[in-house]
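Visitor: I would like to learn how to read the strands and contacts of a model. Please take one feature at a time.

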Amino acid sequence: MDTGIPEELKERAYRGICTKEDAALLLGAGPFELFSFADELRALAVGARVTYVRNRNINFTNRCTGTCRFCAFKDNKDYYILSPEELLAKVREAKETKATEVCIQGGLLPDVDLSFYLGILESIKAEYPEMHIHAFSPMEVWHAARLSGISVKEALLQLKKSGLDSMPGTAAEILSDRVREIICPAKLKAGEWVEVVKQAHTTGLPTTATMMYGHVETPEERIEHILTIREIQKETGGITEFVPLPFMPYNNPIGEKLMKEGRYTSPGTEDLKIYALSRILLHTHVDNIQASWVKLGKKLAQLALHCGANDLGGTLMEERISKSAGANNGETITAKELEWMIRGAGRIPKERNTLYMGIKEPVSDSQREVPGYEASE
Ligand code: SF4
């Protein structure tokens with residue numbers, strides 16, 4: 001049967017060497033052929049296990065000197081900055097729900113330097129040394145280094161010494177300076193983002209990688225973005241997961257402009273195609289493709305597990321950024337519900353830590369794709 005995806009292309013995908021032209025062809029293939037091939041590669045890469053992490057988001061401030069035109073989160077009039085006590089109270093609550101990670105990000109404060117960020121890390125590690133701190137986007141690290149008059153490398157070394165365990169690969173948006181000039185002109189340029197991430201990896205700090213799509217970028221720019229992530233991974237091996245994030249159009253200037261032109265959020269089929277494309281282009285390089293239940297909604301996130309995704313992200317406990325831009329899928333989810341969603345999709349749920357350690361033991365073929373199968377550990 002003609003799947004619409006040429007055999008030679010599939011061969012290149014198995015070897016992790018798909019080209020830009022292959023990617024364009026994949027986007028033109030029938031969606032179900034694309035989903036099915038991505039699902040095959042997912043099974044080869046990680047088997048039937050679908051992971052999630054118990055974590056808590058903490059946004060320490062919504063004050064920001066940034067000018068990102070897709071942002072609905074920053075508020076320079078009615079802003080908050082969490083006190084050290086408030087921040088620690090949130091970590092304590094996270095600990096009480098058995099969270100293993102706190103994910104800390106915030107706006108770019110005008111009047112702080114690196115010591116502010118170091119203080120956050122040190123106060124958490126003093127009370128909760130075992131809590132994994134996944135914090136500060138490449139933009140925040142770049143901002144802190146600039147305000148302190150030191151290099152990004154030096155900032156990363158100090159952050160690590162103060163307790164930073166890994167970094168979110170946010171602020172990537174689309175790694176194209178043409179796009180960034182339109183949606184976030186004051187943000188670090190594409191090459192600078194890549195540089196901060198690579199420096200983090202060489203400092204011993206793993207990162208995730210993200211892509212916010214569905215605004216002003218072209219299909220070619222999406223492809224370039226994913227291939228840039230692949231290049232970074234080939235060089236450093238420091239990326240733990242790739243997270244495609246659909247743009248939320250509400251309460252922000254870019255979204256309002258698009259909606260005036262009759263464009264809203266990306267169609268579900270397009271979201272699933274991005275998940276599938278990510279799996280195929282990153283095969284043999286980045287094993288974990290995360291479907292965001294916050295952005296996609298629970299049902300589409302479940303479906304994404306059949307289109308290349310193998311991770312549902314975290315329990316979050318609180319989520320402000322997507323909510324402010326119109327996401328209405330909730331701010332928190334229990335581990336129990338995530339496991340329910342995963343079993344409902346015919347996969348095997350497995351709690352992971354931030355770095356996906358200890359979950360790669362092989363699953364036998366007979367255990368694959370069995371609804372309700374309970375991992376024994
Ligand atoms: S996206 Fe982040 S850096 Fe940009 S304006 Fe919003 S809070 Fe600031």
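Guide: Start with a pair of residues: Val-50 stands opposite Pro-349 in S8. This is a predicted model, in which local features need pLDDT of at least 70 and side-chain atom pairs count only at pLDDT 80 or more, while totals for chains, interfaces and linings use all residues. Residues are numbered from 1 along each chain as its sequence is written.

Visitor: How many bridges join S1 to strand S8?

Guide: Strands of a sheet pair through backbone hydrogen bonds, either parallel or antiparallel. Strands here are DSSP runs of E, at least two residues, and helices are runs of H or I, at least four residues, numbered from the N terminus. Two strands pair if DSSP finds at least two bridges between them. Four bridges join S1 to strand S8 (residues 348-351), and the two run parallel. S1 also pairs with strand S7 (residues 311-314) in the parallel sense, over two bridges, and there Val-53 stands opposite Gly-314.

Visitor: Which residues point one way from S1, and which the other way?

Guide: In a regular strand the side chains alternate between the two faces of the sheet. Arg-49, Thr-51 and Val-53 point one way from S1, Val-50 and Tyr-52 the other way, and all are buried. A residue is buried if 20 or more other C-beta atoms lie within 10 Å of its own, exposed if 12 or fewer, and partly exposed in between, with C-beta atoms placed from the backbone.

Visitor: In what order do the three strands of the open sheet come?

Guide: The order is S2-S3-S4, with parallel pairing. S2 and strand S4 (132-135) are the edge strands, each pairing on one side only. S2 and strand S3 (residues 101-105) are joined by five bridges, and the bridge partner of Ile-58 in S3 is Ile-104.

Visitor: Where is Tyr-79 placed, and why does Tyr-79 count as partly exposed?

Guide: Tyr-79 lies in the loop between strand S2 (55-59) and helix H4 (84-96). Tyr-79 counts as partly exposed because it has 13 C-beta neighbours inside 10 Å.

Visitor: Which residues does Tyr-79 touch, not counting residues up to four places away in sequence?

Guide: Contact is defined as C-beta atoms, placed from the backbone, within 7 Å. With residues up to four places away in sequence left out, Tyr-79 touches Thr-61, Asn-62 and Arg-63. Tyr-79 and Asn-62 are 17 residues apart in sequence and 5.7 Å apart in space, C-alpha to C-alpha.

Methods: Two residues are in contact if their C-beta atoms, placed from the backbone, lie within 7 Å.
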